[in-house]
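Reader: I'd like to learn how to read aromatic contacts in a model. Could you walk me through them?

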Amino acid sequence: MAGKELMSINIDTLVQIVENTLTLCEQDNVQSVYKVSVKLRINKARSGDMTQILNQVRGIDGVTTVNHKADYARDTETFDFVIFEMKYELMGSDANPISYLKRTLIPGIRDIQGIDIQDIQSRPEKLS
């Protein structure tokens, strides 16, 4: 091994370096799941059927599940008033559930034709 310098490292130091690196990686990949309820007014003439609406909501970035709370639905000649319970996941230690609502979920719902948000739970419930 002439001409090559070997770096001597203590096994405990090496283990500590690996643990620190893994901890940093885990913090960046933290997954948090939240649930929020949204009351919607659906214009029957302008929107699709309920299956289409549910699929469009599921298509919003981060949304994992959408449940239509049929027990709370109100039906008029022009509008359906429904409550959707939505779950969404955020990745990373800096993910903020309120920012997600403002920047992604609410604009995503507003983009669906014939849908108006009547009310939204102001504090999402953290599930995990």
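Author: Rings of Phe, Tyr and Trp (its six-membered ring) pair if their centres lie within 6.5 Å; planes under 30 degrees apart are stacked, over 60 edge-to-face, and the rest tilted. Here that rule gives 3 aromatic pairs. This is a predicted model, where local features need pLDDT of at least 70, side-chain atom pairs count only at pLDDT 80 or more, and totals for chains, interfaces and linings use all residues. Residues are numbered from 1 along each chain as its sequence is written, and side-chain values use heavy atoms, leaving out hydrogens and water.

Reader: Why does the pair of tyrosine 34 and tyrosine 88 count as stacked?

Author: Their ring centres are 5.6 Å apart and their planes meet at 25°, so the pair is stacked. Tyrosine 34 belongs to strand S1 (residues 31-43) and tyrosine 88 to strand S4 (residues 79-91), so the pair ties together parts 54 residues apart in sequence. Strands are DSSP runs (E, at least two residues), numbered from the N terminus. Ring pairs also link Tyr34, Tyr88 and Tyr100 into a cluster.

Reader: Is tyrosine 88 buried or exposed?

Author: Buried means under 20% relative accessible area, exposed over 50%, and partly exposed in between (1.4 Å probe, protein chains only). Tyrosine 88 is buried at 0%, and tyrosine 34 is buried at 7%.

The rings of phenylalanine 79 and phenylalanine 81 have centres 6.2 Å apart and planes at 50°, so that pair is tilted. Phenylalanine 79 is partly exposed at 21%, while phenylalanine 81 is buried at 13%.

Reader: Which ring does the charged end of arginine 41 sit over?

Author: A charge sits over a ring if NZ of Lys or CZ of Arg is within 6 Å of the ring centre and within 35 degrees of the ring normal. Arginine 41 has its charged end over the ring of phenylalanine 79, 4.5 Å from its centre.

Terms used:
Helices (H or I, at least four residues) and strands (E, at least two) are DSSP runs, numbered from the N terminus.
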